[in-house]
Amino acid sequence: MSSLTITGVTKRFGATVAVDDVSLHVPNGSFTTVLGPSGCGKTTLLRLIAGFLLPESGTIAFGDTVVAGDGVRPMPPQTRRVGYVPQEGALFPHLDVAANIAFGLDKGARGSDRVAEMLDLVELPADFRSRRPDELSGGQQQRVALARSLAPKPAVVLLDEPFSSLDASLRDSTSRAVRRALEASNTTGVLVTHDQNEALSLADEVAVMRGGRLVQSAAPSEVYLSPSDPQVAEFVGRAVVLPGTASEARATCALGEVVLTEPTEGEVSLMIRPEQVFVDLARDEPGKAVGVRGTVEEVSYYGHDCAVQVRLDDGTSVLSRMSGVRHPAAGDTVHLRVTGLVRAYRPAGTP
Ligand SMILES: Nc1ncnc2c1ncn2[C@@H]1O[C@H](COP(=O)(O)OP(=O)(O)OP(=O)(O)O)[C@@H](O)[C@H]1O
(Lines give C-alpha, C1' and ligand atoms only; values in the text may rest on other atoms or scores of the structure.)
Protein backbone atom coordinates (compact mmCIF):
# COMPACT_ATOMS: atom_id res chain seq x y z
CA MET A 1 0.00 0.00 0.00
CA SER A 2 1.15 3.48 -0.71
CA SER A 3 -0.09 6.88 -1.71
CA LEU A 4 -0.01 7.92 -5.36
CA THR A 5 1.11 11.37 -6.48
CA ILE A 6 0.90 12.53 -10.07
CA THR A 7 2.50 15.91 -10.75
CA GLY A 8 2.16 17.84 -14.01
CA VAL A 9 1.97 14.72 -16.18
CA THR A 10 1.55 15.14 -19.95
CA LYS A 11 1.28 12.41 -22.59
CA ARG A 12 0.84 12.99 -26.35
CA PHE A 13 0.05 10.63 -29.19
CA GLY A 14 1.18 12.57 -32.28
CA ALA A 15 -0.91 15.73 -32.33
CA THR A 16 -3.33 14.44 -29.63
CA VAL A 17 -2.62 15.58 -26.08
CA ALA A 18 -4.24 12.60 -24.32
CA VAL A 19 -3.20 13.70 -20.81
CA ASP A 20 -2.49 17.38 -20.34
CA ASP A 21 -0.57 18.61 -17.29
CA VAL A 22 -2.51 16.46 -14.81
CA SER A 23 -1.75 16.61 -11.09
CA LEU A 24 -3.55 14.30 -8.65
CA HIS A 25 -2.86 12.97 -5.17
CA VAL A 26 -4.48 9.76 -3.94
CA PRO A 27 -3.79 9.28 -0.21
CA ASN A 28 -2.69 5.90 1.10
CA GLY A 29 -5.66 3.54 1.49
CA SER A 30 -8.14 5.84 -0.22
CA PHE A 31 -10.19 5.36 -3.37
CA THR A 32 -10.36 7.87 -6.24
CA THR A 33 -12.62 7.55 -9.26
CA VAL A 34 -11.55 9.25 -12.49
CA LEU A 35 -14.68 10.36 -14.32
CA GLY A 36 -14.90 11.73 -17.83
CA PRO A 37 -16.44 11.27 -21.28
CA SER A 38 -15.05 8.87 -23.85
CA GLY A 39 -11.65 9.93 -25.17
CA CYS A 40 -10.85 12.36 -22.33
CA GLY A 41 -7.67 10.48 -21.36
CA LYS A 42 -8.78 8.27 -18.45
CA THR A 43 -7.28 5.02 -19.69
CA THR A 44 -4.08 6.78 -20.77
CA LEU A 45 -3.72 8.15 -17.24
CA LEU A 46 -4.19 4.66 -15.79
CA ARG A 47 -1.66 3.19 -18.21
CA LEU A 48 0.85 5.87 -17.23
CA ILE A 49 0.41 4.97 -13.55
CA ALA A 50 0.79 1.26 -14.34
CA GLY A 51 3.95 1.91 -16.37
CA PHE A 52 2.59 0.65 -19.71
CA LEU A 53 3.19 4.19 -21.03
CA LEU A 54 5.76 6.81 -20.06
CA PRO A 55 4.96 10.51 -19.54
CA GLU A 56 6.65 13.17 -21.67
CA SER A 57 6.78 15.50 -18.70
CA GLY A 58 5.81 15.43 -15.04
CA THR A 59 6.35 12.77 -12.39
CA ILE A 60 4.51 9.80 -10.93
CA ALA A 61 5.38 8.70 -7.40
CA PHE A 62 4.23 5.82 -5.19
CA GLY A 63 4.77 7.08 -1.67
CA ASP A 64 8.17 8.81 -1.76
CA THR A 65 9.42 6.72 -4.67
CA VAL A 66 9.34 8.38 -8.10
CA VAL A 67 8.49 5.64 -10.59
CA ALA A 68 8.46 7.80 -13.75
CA GLY A 69 9.66 11.27 -14.77
CA ASP A 70 12.08 13.65 -13.09
CA GLY A 71 15.00 12.23 -15.09
CA VAL A 72 14.92 8.96 -13.16
CA ARG A 73 15.05 5.65 -14.99
CA PRO A 74 11.37 4.61 -15.19
CA MET A 75 10.43 1.68 -13.04
CA PRO A 76 9.04 -1.13 -15.26
CA PRO A 77 5.40 -2.20 -14.72
CA GLN A 78 6.30 -5.56 -13.15
CA THR A 79 8.25 -3.90 -10.32
CA ARG A 80 5.74 -1.13 -9.60
CA ARG A 81 3.56 -3.49 -7.53
CA VAL A 82 0.42 -2.39 -9.32
CA GLY A 83 -2.74 -4.48 -9.54
CA TYR A 84 -4.66 -3.93 -12.80
CA VAL A 85 -8.30 -4.95 -13.32
CA PRO A 86 -9.48 -4.44 -16.91
CA GLN A 87 -13.04 -4.28 -18.26
CA GLU A 88 -13.41 -8.01 -18.78
CA GLY A 89 -11.58 -11.09 -19.97
CA ALA A 90 -8.85 -10.76 -17.38
CA LEU A 91 -8.93 -14.38 -16.19
CA PHE A 92 -6.99 -17.26 -17.73
CA PRO A 93 -9.76 -19.53 -19.06
CA HIS A 94 -7.75 -22.75 -18.71
CA LEU A 95 -6.91 -22.18 -15.03
CA ASP A 96 -9.31 -22.64 -12.13
CA VAL A 97 -10.17 -19.80 -9.73
CA ALA A 98 -7.45 -20.79 -7.23
CA ALA A 99 -4.75 -20.86 -9.92
CA ASN A 100 -5.96 -17.54 -11.32
CA ILE A 101 -5.82 -15.89 -7.89
CA ALA A 102 -2.41 -17.42 -7.10
CA PHE A 103 -0.96 -16.46 -10.50
CA GLY A 104 0.95 -13.39 -9.34
CA LEU A 105 2.12 -14.85 -6.03
CA ASP A 106 5.68 -15.88 -5.30
CA LYS A 107 6.15 -19.65 -5.34
CA GLY A 108 6.49 -19.68 -1.54
CA ALA A 109 3.14 -17.94 -1.05
CA ARG A 110 1.17 -20.19 -3.42
CA GLY A 111 0.66 -23.00 -0.96
CA SER A 112 -0.51 -20.60 1.73
CA ASP A 113 -4.05 -19.60 2.70
CA ARG A 114 -3.86 -16.54 0.47
CA VAL A 115 -6.39 -17.91 -2.05
CA ALA A 116 -8.94 -18.66 0.70
CA GLU A 117 -8.27 -15.27 2.25
CA MET A 118 -8.80 -13.51 -1.08
CA LEU A 119 -12.03 -15.40 -1.85
CA ASP A 120 -13.29 -14.36 1.56
CA LEU A 121 -12.23 -10.76 0.94
CA VAL A 122 -14.18 -10.51 -2.33
CA GLU A 123 -17.15 -12.30 -0.71
CA LEU A 124 -17.10 -15.47 -2.81
CA PRO A 125 -17.71 -18.96 -1.32
CA ALA A 126 -14.56 -20.99 -0.53
CA ASP A 127 -15.62 -23.86 -2.81
CA PHE A 128 -15.44 -21.58 -5.85
CA ARG A 129 -11.67 -22.19 -5.84
CA SER A 130 -11.97 -25.22 -8.11
CA ARG A 131 -14.36 -23.64 -10.62
CA ARG A 132 -13.20 -22.47 -14.02
CA PRO A 133 -13.92 -18.91 -15.23
CA ASP A 134 -16.64 -20.10 -17.65
CA GLU A 135 -18.53 -21.51 -14.63
CA LEU A 136 -18.82 -18.04 -13.08
CA SER A 137 -21.15 -15.12 -13.76
CA GLY A 138 -19.68 -11.88 -15.11
CA GLY A 139 -19.81 -10.27 -11.66
CA GLN A 140 -18.14 -13.28 -10.02
CA GLN A 141 -15.41 -13.20 -12.68
CA GLN A 142 -14.70 -9.56 -11.89
CA ARG A 143 -14.48 -10.37 -8.17
CA VAL A 144 -11.94 -13.10 -8.96
CA ALA A 145 -10.02 -10.63 -11.15
CA LEU A 146 -9.90 -8.25 -8.20
CA ALA A 147 -8.84 -11.07 -5.86
CA ARG A 148 -6.01 -11.91 -8.24
CA SER A 149 -4.87 -8.29 -8.38
CA LEU A 150 -4.97 -7.97 -4.56
CA ALA A 151 -3.30 -11.30 -3.74
CA PRO A 152 0.32 -10.05 -4.08
CA LYS A 153 -0.49 -7.04 -1.82
CA PRO A 154 0.00 -4.35 -4.47
CA ALA A 155 0.94 -0.76 -3.70
CA VAL A 156 -1.97 0.50 -5.80
CA VAL A 157 -4.90 -1.18 -7.59
CA LEU A 158 -6.02 0.30 -10.90
CA LEU A 159 -9.49 -0.54 -12.20
CA ASP A 160 -10.33 0.26 -15.83
CA GLU A 161 -14.14 0.35 -16.11
CA PRO A 162 -14.32 -3.12 -14.52
CA PHE A 163 -18.11 -3.17 -14.21
CA SER A 164 -19.09 -1.80 -17.62
CA SER A 165 -20.02 -5.20 -19.09
CA LEU A 166 -22.33 -6.07 -16.18
CA ASP A 167 -26.06 -5.40 -16.11
CA ALA A 168 -27.37 -2.70 -13.76
CA SER A 169 -28.14 -4.73 -10.61
CA LEU A 170 -25.04 -6.95 -10.86
CA ARG A 171 -23.00 -3.84 -11.50
CA ASP A 172 -24.18 -2.27 -8.29
CA SER A 173 -23.65 -5.32 -6.06
CA THR A 174 -20.27 -6.13 -7.64
CA SER A 175 -18.97 -2.59 -7.37
CA ARG A 176 -20.01 -2.41 -3.70
CA ALA A 177 -18.28 -5.73 -2.96
CA VAL A 178 -15.12 -4.53 -4.73
CA ARG A 179 -15.19 -1.30 -2.76
CA ARG A 180 -15.57 -3.20 0.54
CA ALA A 181 -12.68 -5.51 -0.38
CA LEU A 182 -10.40 -2.55 -1.11
CA GLU A 183 -11.40 -0.88 2.12
CA ALA A 184 -10.91 -4.06 4.19
CA SER A 185 -7.41 -4.51 2.77
CA ASN A 186 -6.66 -0.79 3.09
CA THR A 187 -5.59 -0.72 -0.56
CA THR A 188 -5.09 2.53 -2.48
CA GLY A 189 -7.33 2.37 -5.54
CA VAL A 190 -8.04 4.31 -8.73
CA LEU A 191 -11.06 3.45 -10.86
CA VAL A 192 -11.79 5.03 -14.23
CA THR A 193 -15.37 5.25 -15.39
CA HIS A 194 -17.71 7.34 -17.50
CA ASP A 195 -20.62 6.42 -15.22
CA GLN A 196 -21.51 9.33 -12.93
CA ASN A 197 -23.43 7.22 -10.39
CA GLU A 198 -20.56 4.79 -10.07
CA ALA A 199 -18.00 7.58 -9.71
CA LEU A 200 -20.00 9.43 -7.04
CA SER A 201 -21.20 6.46 -5.01
CA LEU A 202 -17.90 4.56 -4.69
CA ALA A 203 -15.25 7.24 -4.26
CA ASP A 204 -13.56 9.09 -1.45
CA GLU A 205 -12.63 11.58 -4.13
CA VAL A 206 -13.82 12.10 -7.72
CA ALA A 207 -11.38 13.43 -10.33
CA VAL A 208 -13.22 14.83 -13.35
CA MET A 209 -11.32 14.89 -16.67
CA ARG A 210 -12.19 16.75 -19.86
CA GLY A 211 -10.06 16.95 -23.01
CA GLY A 212 -7.02 15.48 -21.26
CA ARG A 213 -7.16 17.94 -18.36
CA LEU A 214 -8.20 17.39 -14.78
CA VAL A 215 -10.93 19.98 -14.25
CA GLN A 216 -11.94 19.19 -10.67
CA SER A 217 -10.88 16.81 -7.95
CA ALA A 218 -12.92 16.78 -4.75
CA ALA A 219 -15.23 14.76 -2.51
CA PRO A 220 -18.29 13.38 -4.36
CA SER A 221 -20.73 15.78 -2.67
CA GLU A 222 -18.55 18.77 -3.53
CA VAL A 223 -18.24 17.75 -7.18
CA TYR A 224 -22.03 17.29 -7.33
CA LEU A 225 -23.14 20.36 -5.38
CA SER A 226 -20.31 22.73 -6.19
CA PRO A 227 -18.95 21.75 -9.59
CA SER A 228 -16.06 23.86 -10.85
CA ASP A 229 -17.97 25.01 -13.97
CA PRO A 230 -21.37 24.48 -15.60
CA GLN A 231 -19.97 21.80 -17.93
CA VAL A 232 -18.82 19.71 -14.96
CA ALA A 233 -22.25 20.31 -13.41
CA GLU A 234 -23.99 18.90 -16.47
CA PHE A 235 -21.57 16.01 -16.72
CA VAL A 236 -21.95 14.74 -13.14
CA GLY A 237 -25.74 14.87 -13.11
CA ARG A 238 -28.75 16.67 -14.52
CA ALA A 239 -28.58 20.42 -14.00
CA VAL A 240 -30.87 23.38 -14.60
CA VAL A 241 -28.60 26.23 -15.71
CA LEU A 242 -30.36 29.62 -15.77
CA PRO A 243 -29.13 33.17 -16.32
CA GLY A 244 -29.52 35.38 -13.27
CA THR A 245 -28.49 38.59 -11.57
CA ALA A 246 -26.63 38.34 -8.27
CA SER A 247 -26.43 40.78 -5.42
CA GLU A 248 -24.40 39.58 -2.47
CA ALA A 249 -25.72 36.19 -1.29
CA ARG A 250 -28.90 36.23 -3.42
CA ALA A 251 -29.76 36.12 -7.09
CA THR A 252 -32.91 36.47 -9.15
CA CYS A 253 -33.74 34.26 -12.11
CA ALA A 254 -36.74 32.73 -13.90
CA LEU A 255 -37.40 30.62 -10.78
CA GLY A 256 -37.53 33.72 -8.54
CA GLU A 257 -35.03 34.53 -5.82
CA VAL A 258 -32.41 31.95 -4.84
CA VAL A 259 -29.76 31.86 -2.11
CA LEU A 260 -26.16 31.44 -3.29
CA THR A 261 -23.38 29.23 -1.94
CA GLU A 262 -21.06 32.28 -2.08
CA PRO A 263 -21.82 35.98 -2.45
CA THR A 264 -21.14 37.54 -5.84
CA GLU A 265 -22.34 40.46 -8.00
CA GLY A 266 -23.77 40.98 -11.48
CA GLU A 267 -24.70 38.68 -14.34
CA VAL A 268 -24.26 35.00 -13.47
CA SER A 269 -25.17 31.48 -14.59
CA LEU A 270 -26.98 29.65 -11.82
CA MET A 271 -26.62 25.87 -11.44
CA ILE A 272 -29.65 24.28 -9.81
CA ARG A 273 -30.00 20.51 -9.36
CA PRO A 274 -33.45 19.21 -10.45
CA GLU A 275 -34.10 17.82 -6.95
CA GLN A 276 -33.73 21.39 -5.64
CA VAL A 277 -36.72 22.47 -7.74
CA PHE A 278 -39.72 21.98 -5.48
CA VAL A 279 -43.04 21.43 -7.27
CA ASP A 280 -46.12 22.74 -5.48
CA LEU A 281 -49.05 20.85 -6.95
CA ALA A 282 -51.58 23.29 -5.42
CA ARG A 283 -54.39 20.88 -6.20
CA ASP A 284 -55.94 21.03 -2.75
CA GLU A 285 -55.72 24.74 -2.07
CA PRO A 286 -55.85 26.71 -5.32
CA GLY A 287 -54.52 30.23 -4.94
CA LYS A 288 -52.29 29.32 -2.01
CA ALA A 289 -49.40 27.95 -4.02
CA VAL A 290 -46.05 29.65 -3.60
CA GLY A 291 -43.56 30.01 -6.41
CA VAL A 292 -43.33 30.64 -10.13
CA ARG A 293 -46.20 29.32 -12.23
CA GLY A 294 -45.75 26.87 -15.06
CA THR A 295 -47.34 24.00 -16.95
CA VAL A 296 -46.16 20.39 -16.79
CA GLU A 297 -45.02 19.28 -20.24
CA GLU A 298 -43.75 15.78 -19.54
CA VAL A 299 -43.46 13.34 -16.62
CA SER A 300 -40.95 10.46 -16.67
CA TYR A 301 -41.88 8.04 -13.89
CA TYR A 302 -39.07 5.87 -12.43
CA GLY A 303 -40.86 4.42 -9.41
CA HIS A 304 -38.61 5.74 -6.62
CA ASP A 305 -38.79 9.21 -8.15
CA CYS A 306 -39.85 11.01 -11.29
CA ALA A 307 -38.56 13.73 -13.61
CA VAL A 308 -41.03 16.51 -14.33
CA GLN A 309 -40.39 18.93 -17.20
CA VAL A 310 -42.19 22.24 -16.64
CA ARG A 311 -42.61 25.20 -19.01
CA LEU A 312 -42.75 28.40 -16.94
CA ASP A 313 -45.17 31.16 -18.02
CA ASP A 314 -42.18 33.17 -19.33
CA GLY A 315 -41.26 30.26 -21.64
CA THR A 316 -38.29 28.91 -19.64
CA SER A 317 -38.11 25.12 -19.50
CA VAL A 318 -37.12 23.66 -16.10
CA LEU A 319 -36.58 20.08 -14.92
CA SER A 320 -37.63 18.95 -11.44
CA ARG A 321 -36.91 15.60 -9.82
CA MET A 322 -39.46 14.69 -7.19
CA SER A 323 -40.80 11.74 -5.22
CA GLY A 324 -42.71 9.20 -7.28
CA VAL A 325 -45.35 8.86 -4.57
CA ARG A 326 -47.40 11.91 -5.51
CA HIS A 327 -46.65 13.71 -8.73
CA PRO A 328 -48.39 15.87 -11.32
CA ALA A 329 -49.53 14.89 -14.81
CA ALA A 330 -48.78 16.50 -18.16
CA GLY A 331 -50.94 19.62 -18.60
CA ASP A 332 -51.22 20.37 -14.85
CA THR A 333 -50.55 23.89 -13.59
CA VAL A 334 -47.84 23.86 -10.91
CA HIS A 335 -45.76 26.37 -8.96
CA LEU A 336 -42.00 25.96 -8.63
CA ARG A 337 -39.52 27.26 -6.10
CA VAL A 338 -35.89 26.49 -5.36
CA THR A 339 -34.76 24.95 -2.09
CA GLY A 340 -31.19 24.85 -0.78
CA LEU A 341 -28.15 26.77 -1.90
CA VAL A 342 -27.36 27.51 -5.53
CA ARG A 343 -23.94 27.74 -7.16
CA ALA A 344 -23.39 30.87 -9.31
CA TYR A 345 -20.81 31.16 -12.08
CA ARG A 346 -19.50 34.49 -13.34
CA PRO A 347 -18.97 34.70 -17.10
CA ALA A 348 -15.51 33.53 -18.23
CA GLY A 349 -12.93 36.33 -17.96
CA THR A 350 -14.63 38.19 -15.09
CA PRO A 351 -12.89 38.21 -11.69
N1 LIG B 1 -2.04 4.36 -28.56
C2 LIG B 1 -2.63 5.47 -29.00
N3 LIG B 1 -2.26 6.06 -30.15
C4 LIG B 1 -2.84 7.20 -30.58
N5 LIG B 1 -3.82 7.84 -29.91
C6 LIG B 1 -4.24 7.32 -28.76
C7 LIG B 1 -3.67 6.11 -28.24
N8 LIG B 1 -4.30 5.82 -27.07
C9 LIG B 1 -5.20 6.79 -26.87
N10 LIG B 1 -5.16 7.70 -27.87
C11 LIG B 1 -5.98 8.92 -27.97
O12 LIG B 1 -5.82 9.63 -26.76
C13 LIG B 1 -7.07 10.18 -26.33
C14 LIG B 1 -7.42 9.65 -24.95
O15 LIG B 1 -7.69 8.26 -25.04
P16 LIG B 1 -8.08 7.37 -23.78
O17 LIG B 1 -8.19 5.94 -24.24
O18 LIG B 1 -7.13 7.64 -22.69
O19 LIG B 1 -9.51 7.96 -23.41
P20 LIG B 1 -10.62 7.41 -22.39
O21 LIG B 1 -11.08 8.56 -21.62
O22 LIG B 1 -10.08 6.24 -21.63
O23 LIG B 1 -11.74 6.92 -23.39
P24 LIG B 1 -12.80 5.69 -23.27
O25 LIG B 1 -13.71 6.02 -22.12
O26 LIG B 1 -13.50 5.73 -24.60
O27 LIG B 1 -11.99 4.44 -23.04
C28 LIG B 1 -8.07 9.82 -27.41
O29 LIG B 1 -8.19 10.92 -28.30
C30 LIG B 1 -7.46 8.63 -28.09
O31 LIG B 1 -7.87 8.54 -29.44
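**Exercise 1. Find which element gives the most to the shell around the ligand.**

Helix 1 gives the most, with three residues. Helices are DSSP runs of H or I with at least four residues, strands are runs of E with at least two, and both are numbered from the N terminus. This is a predicted model, in which local features need pLDDT of at least 70 and side-chain atom pairs count only at pLDDT 80 or more, while totals for chains, interfaces and linings use all residues. Residues are numbered from 1 along each chain as its sequence is written.

Step 1: list the shell. The residues around the ligand are F13, T16, A18, G36, S38, G39, C40, G41, K42, T43, T44 and H194. A residue is near a molecule if its C-beta atom, placed from the backbone, lies within 6 Å of it.

Step 2: assign elements. Strand 2 (16-26) and helix 1 (42-50) are the elements that give two or more residues.

Step 3: sort by class. The shell holds three nonpolar, eight polar and one charged residues. Here Ala, Val, Leu, Ile, Met, Phe, Trp, Tyr, Cys and Pro count as nonpolar, Asp, Glu, Lys and Arg as charged, and the others, Gly among them, as polar.

**Exercise 2. Decide why strand 7 is largely enclosed by the rest of the structure.**

Step 1: count burial. Five of the five residues of strand 7 (residues 156-160) are buried, so the strand is largely enclosed by the rest of the structure. Buried means that 20 or more other C-beta atoms, placed from the backbone, lie within 10 Å of the residue's own.

Step 2: check both faces. V156, L158 and D160 point one way; V157 and L159 point the other way.

Step 3: find the neighbours. Strand 6 (residues 82-85) runs parallel to strand 7 and is joined to it by four bridges. V82 has V156 as its bridge partner. Strand 8 (residues 188-193) also runs parallel to strand 7, with five bridges. There, L158 stands opposite V190. Two strands pair if DSSP finds at least two bridges between them.

**Exercise 3. Work out the strand order of the open sheet of five strands.**

Step 1: read the order. It is 13-17-14-15-16, with antiparallel pairing.

Step 2: locate the edges. Strand 13 (277-280) and strand 16 (317-323) each pair on one side only.

Step 3: inspect one pair. Strand 15 (residues 305-312) and strand 16 are antiparallel over seven bridges. V308 stands opposite S320 in strand 16.

How values were computed: Buried ≥ 20, exposed ≤ 12 C-beta atoms within 10 Å, placed from the backbone.
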